[in-house]
Amino acid sequence: MVIAIDGPAASGKGTLARRLALHYGLPHLDTGLLYRAVALALLDADRDLADETAAEDAARCLRAESLGDLRLRERAMGEAASVVSALPAVRAALLDWQRRFAGAEGGAVLDGRDIGTVVCPDAAVKLFITAAPEERAHRRHRELGGRGEAASYEAVLADIQRRDARDKDRAAAPLRIADDAVVIDTTDLDAEAAFRAAIAVVEARRRRS
Ligand code: CDP
Ligand code: CDP
């Protein structure tokens, strides 16, 4: 069973993906980390984020071990990832990686922006997680504060709006809702309620198949 979860920044898709993976005993891949790791590799090598050849090389050389680097979670890396993720060569280079992961025996949970539309178009379950930008900014602001990364609420909201626009407007695999995805709006749902809503969708799909 492949569960594909997409949605904008801080919608709660990562938290949900981790919980579903634990519940069903499936491996989980946070695909945002792949784009963050490509961005970090470029920054470490002093290369321009728009250098498509260098970015493609970084994507091809990506190793699973590098996904544990704590710097990948930093606010600036989300922004940098959204720049490299618009490069078609980077997306193409990461596609096999993601599909191999999704092909694991028994299935997998993947979360990102294009899982249900491009990476796993045949996924058994597709969820699109969303929430109002202001609520997402509050969540991310709280999260950053908890990690000691100071940023004003207004700056975090502006980040989220800029990233939403870039992810939706790019030509290569833009963020959009797959035709057969179920949308869960978590604006007024805590993580537990979002999990219960998702479980109901997964169980309904399992009964049907
Ligand atoms: O956790 P958050 O939603 O803030 O970010 P993320 O999922 O780590 O993704 C960082 C950036 O990578 C996003 O803004 C997208 O531009 C890009 N991304 C993508 O293009 N496709 C994916 N499947 C996952 C992430
Ligand atoms: O992966 P994504 O960027 O979509 O969001 P996340 O990292 O899963 O969630 C961002 C923050 O919102 C985390 O601190 C979560 O605990 C919190 N949150 C959530 O995940 N789900 C809700 N329904 C409400 C809050």
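## Exercises: cavity, pocket and sheet

The lining of the largest cavity splits into five nonpolar residues, one polar and three charged. Here Ala, Val, Leu, Ile, Met, Phe, Trp, Tyr, Cys and Pro count as nonpolar, Asp, Glu, Lys and Arg as charged, and the others, Gly among them, as polar. The model is predicted: local features need pLDDT of at least 70, side-chain atom pairs count only at pLDDT 80 or more, and totals for chains, interfaces and linings use all residues. Residues are numbered from 1 along each chain as its sequence is written, chains are lettered from A and ligands numbered from 1 in written order, and side-chain values use heavy atoms, without hydrogens and water.

**Exercise 1.** Find which residues line the largest cavity, and which strand gives the most.

*Solution.* 
- On a 1 Å grid over the protein atoms alone, a cavity is a set of points where a 1.4 Å probe fits but cannot get out; lining residues have an atom within 4 Å of a point.
- Get the volume, the space filled by probe spheres set on points joined across faces, edges and corners. The largest cavity has about 40 Å³.
- List the lining: Ala4, Asp6, Gly116, Lys126, Leu127, Phe128, Arg176, Ala178 and Ala181.
- Assign strands (DSSP E runs of at least two residues, numbered from the N terminus). β1 and β4 (125–130) each supply at least two lining residues. β4 gives the most, with three.

**Exercise 2.** Describe the lining of the largest pocket by position, element and class.

*Solution.* 
- A pocket is an open set with protein on both sides within 12 Å along at least five of seven lines. The largest one holds about 1,000 Å³.
- Its lining has 48 residues; Ala10, Lys13, Arg36, Arg140 and Glu143 lie nearest the centre.
- Helices are DSSP H or I runs of at least four residues. Elements supplying at least two lining residues include α2 (32–44), α7 (133–146) and β3 (108–112). The largest share, six residues, comes from α1.
- By class, 23 are charged, 14 nonpolar and 11 polar.

**Exercise 3.** Work out the strand order of the open sheet and what packs on it.

*Solution.* 
- Strands pair if DSSP finds at least two bridges between them. The five strands run β2-β3-β1-β4-β5, with parallel pairing.
- β2 (28–30) and β5 (182–185) are the edges, each pairing on one side only.
- Three bridges join β2 to β3. Asp30 has Asp111 in β3 as its bridge partner.
- Helix α5 (88–102) packs on the sheet, touching β1 (2–6), β2 and β3 (contact: heavy atoms within 4.5 Å). Its direction makes about 145° with that of β3. Axes are lines fitted to C-alpha atoms, for helices over the stretch in contact, and angles run from 0 to 180 degrees between N-to-C directions.
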